[in-house]
Amino acid sequence: MTSVLDSLTRKPDRAGDRAMLDELLDEVMVGTLSTVVDGLPWSVPMLFGRDGDDILLHGSTGAGALRHVADGAPVTFTVYSMDGIVVADNLFDHSANYRSAVVRGVPDRVDDARSVLELLSDKLIPGRVAEVRDMTAKEVAATLAMRLPIVDGQWIVKARRGGPSSPSDAWTGVVPVRTVYGAPVTYTGETPPESVQALAESGGTPLVG
């Protein structure tokens, strides 16, 4: 089922469905949370994770703007993945292959911050939660956790794929863009844990045409 904030009036063929939204949210690691604080726009990039029909967010209880959001302020959350640079034979038709999404709503404060941090951590480094010490009560108390519901009619996802839009006899094409993981850089200890080694060996996100 496709559900959007507003119908796409320009390039409506780029609109995506819920499956595309979930795929993008599961792949991308950073999004931008935006709201209005004291009459002024406020945006901050944040690590996030998806848990079913919710986007998981967290931050410090000392952050006033986040407390404002957790107390019921409406927000938008945006994510973006650049998948390729589209090279045309003229500057006007140069473009980018991408996927983007905007989710709008009111986050719910989560009492169990520990569970949210565990879900987020396992998205970033699968298996890491089982390798670390338990959180202290002080650490839990300092963490503000929220769930932003993905509600029908309150999100939009779109994508561009393929080559340049105008025909040409000159060379045109796409330069793929992807995120890759490098070798771990050690600061303390000797051997990286199993979860970190597995992440580094996984390569990164797949190419999207």
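This is a predicted model: local features need pLDDT of at least 70, side-chain atom pairs count only at pLDDT 80 or more; totals for chains, interfaces and linings use all residues.

Q: How are the rings of F48 and F77 arranged?
A: They are edge-to-face, because the planes sit at 70°. The ring centres are 5.0 Å apart.

Q: Where do F48 and F77 lie?
A: F48 is in the loop between β2 (40–47) and β3 (49–51). F77 is in strand β5 (residues 75–87). So the pair ties together parts that are 29 residues apart in sequence.

Q: Is F48 buried or exposed?
A: F48 counts as buried, at 1% relative accessibility. F77 is also at 1% and counts as buried. The cut-off for buried is under 20%.

Q: And how do Y80 and Y98 pair?
A: Y80 and Y98 are stacked. The distance is 5.7 Å centre to centre, with 10° between the planes.

Q: Which strands hold Y80 and Y98?
A: Y80 lies in strand β5, and Y98 lies in strand β6 (residues 95–105). That pair therefore ties together parts that are 18 residues apart in sequence.

Q: What about cover? Y80 first: what is its relative accessible area?
A: Y80 has 46%, so it is partly exposed. Y98 has 11% and is buried.

Q: Switching topic. What do D111, D112, E118 and D122 form?
A: They form a negative surface patch.

Q: Where is E118 found?
A: E118 belongs to helix α3 (residues 113–124). Its relative accessibility is 35%, so E118 counts as partly exposed. Partly exposed covers the range between the 20% limit for buried and the 50% limit for exposed.

Q: Now backbone. What is phi of D38?
A: Phi of D38 is near 55°. That is a positive value in a residue other than glycine.

Q: Where does D38 lie?
A: D38 is in the loop between β1 (30–37) and β2. D38 is exposed, with a relative accessible area of 77%.

Q: Zooming out. How many helices and strands are in the chain?
A: The chain has five helices and 10 strands.

Q: How much of the chain counts as buried?
A: The figure is 34% of the 209 residues.

Q: Last one: what box do the C-alpha atoms fill?
A: Roughly 65 × 50 × 30 Å, taken along the principal axes.

How values were computed
Residues are numbered from 1 along each chain as its sequence is written. Side-chain values use heavy atoms; hydrogens and water are left out. Patches are made of residues with over 30% relative accessible area and no salt bridge: like charges are joined within 9 Å, nonpolar side chains (Val, Leu, Ile, Met, Phe, Trp, Tyr) within 5 Å. Accessible areas come from the Shrake-Rupley method with a 1.4 Å probe; for residues, only the protein chains shown count as cover. A salt bridge is a side-chain nitrogen of Lys or Arg within 4 Å of a carboxyl oxygen of Asp or Glu. Lys and Arg count as positive and Asp and Glu as negative; His and the chain ends are not counted. The place of a charge is taken as NZ of Lys, CZ of Arg, CG of Asp or CD of Glu. Helices (H or I, at least four residues) and strands (E, at least two) are DSSP runs, numbered from the N terminus. Buried means under 20% relative accessible area, exposed over 50%, partly exposed in between (1.4 Å probe, protein chains only). Rings of Phe, Tyr and Trp (its six-membered ring) pair if their centres lie within 6.5 Å; planes under 30 degrees apart count as stacked, over 60 as edge-to-face and the rest as tilted.
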